[in-house]
Structures are given as C-alpha cells and as structure tokens.
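I opened the model to look up two things. The entries below are kept in the order in which I made them.

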There are 2 protein chains.
Amino acid sequence: MASEHAQSESSGTYEEFESRVERISNVSNAAGILRWDQEVVMPDEGTPARAQQLSTLSSISHELLTADETGELLAELESADLPDERSAVVREVRRQYDRETSVPGELVERISTATTNAHPKWKEAKANDDFETFAPVLEELVELKREYAEHVDPDADPYEVLFSEYEPYIDLETAERVLERLRDRLVPLIDAIDESREARRASGSRTQSDDEVDLETDAFAGSFDDDDQEALARDVLDSLGYDWSRGRLDTAPHPFSSGTQFDARVTTRFEPEDLLGSITSTIHEFGHANYTLGLPDEGYATPLGEARDLSVHESQSRLWENHVGRSRPFWEHFLPIARERFPELEDVTPEGAYESANQVYDDNLIRVEADELTYHLHIVIRFEIERALVSGDLDVEDVPEVWNDKYEEYLGVRPETDAEGCLQDIHWSHGSFGYFPTYSLGSVLAAQLYAAAEAELGPFEDDIREGEFDDLNGWLRENVHQHGKRYTTPELIERATGEAFTADYFLEYVESKYGELYDLEEY
Amino acid sequence: MASEHAQSESSGTYEEFESRVERISNVSNAAGILRWDQEVVMPDEGTPARAQQLSTLSSISHELLTADETGELLAELESADLPDERSAVVREVRRQYDRETSVPGELVERISTATTNAHPKWKEAKANDDFETFAPVLEELVELKREYAEHVDPDADPYEVLFSEYEPYIDLETAERVLERLRDRLVPLIDAIDESREARRASGSRTQSDDEVDLETDAFAGSFDDDDQEALARDVLDSLGYDWSRGRLDTAPHPFSSGTQFDARVTTRFEPEDLLGSITSTIHEFGHANYTLGLPDEGYATPLGEARDLSVHESQSRLWENHVGRSRPFWEHFLPIARERFPELEDVTPEGAYESANQVYDDNLIRVEADELTYHLHIVIRFEIERALVSGDLDVEDVPEVWNDKYEEYLGVRPETDAEGCLQDIHWSHGSFGYFPTYSLGSVLAAQLYAAAEAELGPFEDDIREGEFDDLNGWLRENVHQHGKRYTTPELIERATGEAFTADYFLEYVESKYGELYDLEEY
C-alpha cells in the first residue's frame, strides 16, 4: 500500500498527466470536426487552408504526446500505486507514446509525403486501369512501412506491428486463425448457395408464382427521390433511438460517422436506384455513432471516454446493420414506415424485403458492394496479399495476377481489369496495411456480442418487430460502450460474453441464416 | 545595408519566424471553424466538449505566441534589414506579442471566469428587466479591464488601451472627434426629419393617394416563406458576385461571417415578417466575406493575408449594405429578381422599396434595429457611457439613468425599461469595452472609400442598375483587400483615398441622401 503522502503526490502528478492527455485529445477532437467539415460542408476551394490547419493540429498533438514531460509523467505514474481506472489511462497513453517516440520524425515525414503523392497516382491508375502507374508508389509505401515497423519493434513480424496500430490488443495469430476459419467455412457455404441457385435455374422454377423456391432479390427496384430517402433515413435513426440532441445526419460521398459522446454525427448517401443501400448504410453508421454516444461523459478527452479499437467499433456498426437491420422482424417493423414515405413499396412483403436485404451475389468483384458472406473473402484476399507483400514473399508487380487468381479460387469470379481488381480500394494508397482484417473481426465480434446479449436477455425478435431497441442497446451500453478503453479488447470481450474472442457465433449465425434462406440441406 | 551574409542569416530566421506565425494562425483558423460549427450545425448538447476544444486551442495559440522563442525571433528580426512586407509582419506580431506577454496569465484567467459568469447574469437581468442582477458583474468587469489596461500600458488612458485592442492604429482622439462630429451633425438632421414628418402629419396629407408627400415605409409588408427567403438570399449573393467555390450560406440566430480567403462563409437569418431585414443583412455579411475573399492567397496564415482591423472590416460590410444595397439603382436592379421569388411584390415600385429601405425611425430604442442615421447616436451613447465608466467618472449604479437621459437628449425617446435600455446589448457581458465605436468608424470609412472609388472610376449608379459590380469590387480588391495587414490603418486609408480618415464624406452622403428623401429645405 502506498502511504497517504505518496498517494497524494501521485494524485497531483496524475492530474498534471490527465490535463496533458485531455489537451492532446481536445486537439484531436478539434481536428475531427475539421475533417467532418471538409467532407460534409467545406466549399470546394477550401482545401489548401484546411490541409495546413489539419497538419498543424496533427503536429501539435504529436509534439504534446512525445514531449519529455509526457515520458517523465508516465514513468512516475507507472511506479505509483494507482487505482485501476488511472492505470488503464496510463497503459493506453504509454502505448501511444512508445510508438510515436520510437519512429523518427523524418520517417513520419517521408511516409506523409509518400502517401500524399500516392493518392493521386492511385486515382489515376484506377481511372486508366493501369497498375503500372501505381506500382512504384505501392512499392515505396511497402518499403517505408516495413522501415516504420522496424523502428517500433525490430524483433516482431513487421505485419504484426502494422496490424497492431489498428488493433493493439488482438494478436495477429488470433486474427489469422479467425480469417482462416472464415475462409474455410464460407467458401463451401457460398458454393452450396451457388449450386442451389444453379439447380433452381436449371429446373426452370424461376417463375413469378413460385415464391417458395425463388428468392426475391429486387423488392426495392425503382427510382427513389433523394429528399424522401433522407426523410426515411431520419425515420430509421428515430426508430433505432438515435439521440438527435447529440447528433445530426448529413450526406457525404463516402458515408462515415465521427465525433465524441457529446456530438456523434452520422453521414449517409442517397443513390436514386439504391434505396436499400441508403437504409443499410444509415443503420451501419448509426451503430458507430451509437457506440460513441454510449461512452461516458465524465471520461471525455481521456481513454476512459474513448472507443476501444477498430474491431470493436466495427462490431457495433455490423451488429446493428446485420443482426438487426438484415433480420426478418426488422422488416416487419420497418416496412410500414418505409411505405409511408414510398407508397410504391405497397406490394413489397416483409419476407421479400428480408430476402432482398440478404441476397448473396455470385459475380460481385467489389468489396464495398459485397453481401454478408462474400464480404469476408474479399477481406481474406487482401489480408493474404498484404501479409505476403510486407514479408517480401510477394513482389508488387505480381499483385494483379495473385489477386485475380485468388478471386477465382475463393469467389469463382476473375476480374477483367485491375480497376475492378487490386486497384479498387483506396487503403493501400494511404499506406494502410493491416487495416482490412478489422472489418471481418468486427463482424465476427458482432455475432459473439449479439449471442451473449440474447443469452442474457432472451431473443430480441419480438422487440425488434415492435421497434423496441432499448434492451439491446442497454446491454451494449452496459457491457461495451460505457467502458471506453478501460479494458483491453480481450478483457472487454471476456467480460461481456464470458468467453475469449471466437468465430463460432458468427459461423453459426451465417450458416443457420443462409442455410434456411437458400434451403440448403447440409446446413 | 546588411551584408549578404547577414541577409541570408536573417532570411533563415525569418522563415523560422514565419512558420511559427503560420502555426499560430492555423490554430486560430481551426478555432474559427469550430465556432462556425457551434453557431450553425452543432447539436445542442455539444457544448461541454466544444468549450474544452476551444479553450485548448486558445491556450495553445497563446503559448506559441508568448513563448520565449517568439520574443527572441522578434528581437533578431527587428535589428535586421528586412524587406517592407516582412517588416510589416514583424510589426503586427510584435504588437500582439507585447500585449499578450504584458498581461499576467492569472488576470486573463480571472477575466475569462468573470465573463463566463457575467453572460448568464446579463441574460437573466435582461429577461427580468432587473439591472441589479447585472450591476455587480459589470462593476467587476470594468475593474478587471482597468487592471488589464494598466498592465498593457500604465501610462495610457485605460479606455484608449481597450479601444486599441479592436482598433490598434486609429488613435482614440481621432475616434472621439469623429463620433462628436456625428453627434453634432446627426442630431439636427434627425430633428429636421422629425419636424418634416410632423408637419406632413399635421397637414393631414397622410392619405393613400398622396404618394408625393408621404414616404413609403412598408413596401415589404407581409409574411414570407423561409425557403423562398433563402432562395432570394442566394440570388442576392449571386448578383453581387459571391464566389460560391470559396463560400457558403447558412442560417444563424445572430448573422455573422467568418473564415479565410479560401473559405469565407456567410450566415443570415429569416423572419417571416422581415424580408427587407434578411436582404440587407445578407448584403452586409457579403461585404465582410467579400473582403476576406479578397485577401491574397499567398499571405494565408500570416498578417499579409489577414484582414485589417474592425473598422476596415465594418467599412466593407457597410459599403455594400448602405451605399449599394440601400441605393435607388440597386432596387431598380434587384426588385425584378425579388418579384420572381415573391410575386406578391408585384405592386412595389423601386422607389417604394428604396424609401422603405431608408426610413428613419422616430421612436426606436434598439441599436440593432436602428436606421442608417440614428444608429450612430446609439453608438455615441454607449461610447460616452463606457468612457466614463472606465475612467471612474460614472458609477455602475448610475448607468441606467444616464443611459435613459442620453436617449432622451439625442434621440428624443426614453426607454421605459432597462431591458430595452442599457441591458439590450451583449457586449459588456463579454467584457468588451471600446468595441462599439468601430461600428460607426466603419460606416464613416465606407463613405470615404466609396467616394474615392467614384472619384476614380466615375459614379456607379448605372453599373448598380445593371447589376454590374466588378468595377467597384475591383477597386476595393486593389486598394483595400489585397493589402491584408501590409499597411497600418491610417496608411491604408491614405493610400486608398489620398486623404486622412475623415467623416466629411459620410456626413455629405447622409445629409444629401436624407435631405432629398425627406425634402428638407436646409439640406
């Protein structure tokens, strides 16, 4: 036990430390508002000034974090006897501090220049379907990121170091095991779905009257007015219980959510011919914002009031999007609301809406347009390729062919161009290697959390059918949101679900859902 | 002459200095976006986080400015042989540096706490018409601001020190002389208008058919839809040549403009029964934003790309609002555009619109609702009262009576409550003493600049009638906007107009305009 004197001493130190941490967070949160503004409301020509503002804020928060004072405070607090919550704050800041101080400023500068340069090259390469334009900058980025990883931890697998930037507490082995299980179980499931589809087509059962056999895929066909779609997106958010006094809805070309527990905003987008897409994207972004809104007010600007990492964040968006928004009872609840905005949906049935929201594509090449199953094979392909790139087992020039081969092997489709192949995603041009896996880990965790919530509270079907989401949300608040970064990710998962991180629930969920939907005997 | 060696040495120092200055500006500009966001789009409950973000940014820019390094760089550059533009940057930063380093942090803190505390007290006092609630905090603020002025310059008149915070290069004597001239010439002009009005009323000429004698005051009577008013506000901005690629229009409870040369935004507000008010307010804010947009891109984030002080800024808004927007040819140009949005304006004539936009009130107590003439008496009253308060010649408890007496003396109306008397404005609750005069100085300068532009280019009447504003704006760009803070305010005025700052043009403008409008023999 620390003496009273030592306690009060470390308490003064802790306060100094905390106010430093809050300062850094407030600078980052200000930058978050500037980025929201840039995506949503900034006039076109505002970029030069905005770029300078953001770069200034980012270098200020880097300097505050890596200052000698931060290191001294950390060392002092680590040898003190702190209450658990404070220890957690120290643990989180220590991680960030070690990482940011280990990488030389000139390397950060070179990476920043290389990514600034890479982005237009990637755009050009994608537009012209010309991988050669992108290859040299991709090569440079892989090299720089390897160098970066070497600084952070010279003894570790460099890909593991990069992955841990996005997911600090899930080890790469766990992630890899999960992704392998997804690949090994989803490939046969998707094959079975394809076969079932083929068989039905061959038997000529594709007639309008034979609903028993054919799935509805196009319940939302038509062209839908933007303003009405926006009104419906607001209905979605109302219905899920979004707190408008701490949020807002806007449009952005690439929907995202951002903010803090006091102000967590959602963006979405509207395409006239993709009403379903705007609904599911709005539900997805609600999941992110709803997590942010559940962080405790009193932890604002410290790790105790900040979200755990990307997989946990994605678990929240996927839980709402898939387990709620792509469920039968949700469409029983929501279809009447949608019909009020769009009377042309009069003939759509809840079952037709459910089927349309859950169709599995047999020829989709594009990750962001993928369904709940094939999505993960898109991720597995990127994961396998970027691991090989970073380890040096794969040369940049061979990426297109390997990419196409893997699409053929896992998904049964072969891209005809690199634009719809390995050039489709922006992430590598940002120098982001190790990011993609967190999308799949999020889906897997969503299923595990949803199952744990149902195990504790009973099935949510009736609640969802009645548009009653308080129990589910209350469980998430209590077991996930309110803890911020108080626990590491494995601790958080264990406390919430009573188990270690596992893909069991996700696999059970998709096999049962799609087995029933596609009437697959073996599932 | 400096040697080549010294030149290149000071050039390296200058670059270091400039990057420091840019950093400070970028932090302030980021804060500007956060404030815009707060006024325009932030959800209601976002305040606690926003307050922390803004306070963090403000203390970071204070620390960067007042750091020893800034002082050392300033001293070094002041002894170097710098080109004029660089000397101007050094001059501006020196001013700010001296002021911010001379005031102890704990006093800044006390002022900040006192104003935070004063604002709700002022609101409460105004709501309850109870000056006693506000008096003690007003007393405290006057005392703190006196103390503040004592730190900045113990030898100067404290009110002069406070005034120079808003208007660093116009001396208080000049400001006072201008305000006295306004008072001495506007009081009889307004009296003459009142007499003319009384005479017409007495002669019973107030009949609908007798347009010759009576002025139209209500051409815009009616109730006007918000969305249509917004469309018309966009028409106004289109017509004046607002650059939408670097700006946007939104609504805010208290209209304002803010931003930089890359992104200068306008806000306005719409009241169903005040169409004219939304038009003139939009033109006013256009004037501010148009100044900002005229600052040179290459000076961004340094004083060379930042606006001169409040009076010059206000000269731009008033020039567009009054000399353009309240002119006869403007209404000949704009009325047909307004009629497209509001067919109910069919019977309004350009002359009727002109008269309505220029009526002089005989019983208005509220500054923000005042006309082009009485406005300045509202300012003179505040100026006289706050000077006496700061010097100690007037006790806080006597403010309401002195206020009411002055309204009776200068404007011929006596407030019946303090809510519509000395409690009407927010400024004192912010601790802003010395701010009000800049509003009148801006109007005066607008007239001087407009006259100089017409002397060079010929009268703008025909241009305005045709909605052609390029020549006027080109003149303002060349003579005012592009210089940023390159020259001091007196230098800027002298270069633009060939004369020292003078109220002559303003007085000539209002006496001629209102003499004609009210058919006053003596004018």
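My notes on the chain contact and on one annotated site follow.

I am working with a predicted model, where local features need pLDDT of at least 70, side-chain atom pairs count only at pLDDT 80 or more, and totals for chains, interfaces and linings use all residues. Residues are numbered from 1 along each chain as its sequence is written, chains are lettered from A and ligands numbered from 1 in the order written, and side-chain values use heavy atoms, without hydrogens and water.

Interface. I counted contacts as heavy atoms within 4.5 Å, and found 37 residues from chain A and 37 residues from chain B taking part. Together the chains bury about 3000 Å², 59% of it on carbon and sulfur atoms (accessible area, 1.4 Å probe, lost on being put together, summed over both parts). On the chain A side, R23(A), P43(A) and E45(A) lose the most area to chain B, together 18% of what that side buries.

Salt bridges. I noted six across the interface, taking a side-chain nitrogen of Lys or Arg within 4 Å of a carboxyl oxygen of Asp or Glu. One pair is R23(A) with E63(B), whose closest N and O atoms are 2.8 Å apart.

Annotated site. I checked E285(A), which UniProt, in an unreviewed entry, marks as "active site"; such annotations may be inferred rather than shown by experiment. E285(A) counts as buried because its relative accessibility is 8% (buried is under 20%, exposed over 50%, partly exposed in between, 1.4 Å probe, protein chains only). Leaving out residues up to four places away in sequence, E285(A) touches P255(A), F256(A), S257(A), V266(A) and T267(A).

Note on methods. Buried area is the accessible area (1.4 Å probe) that two parts lose on being put together, summed over both.
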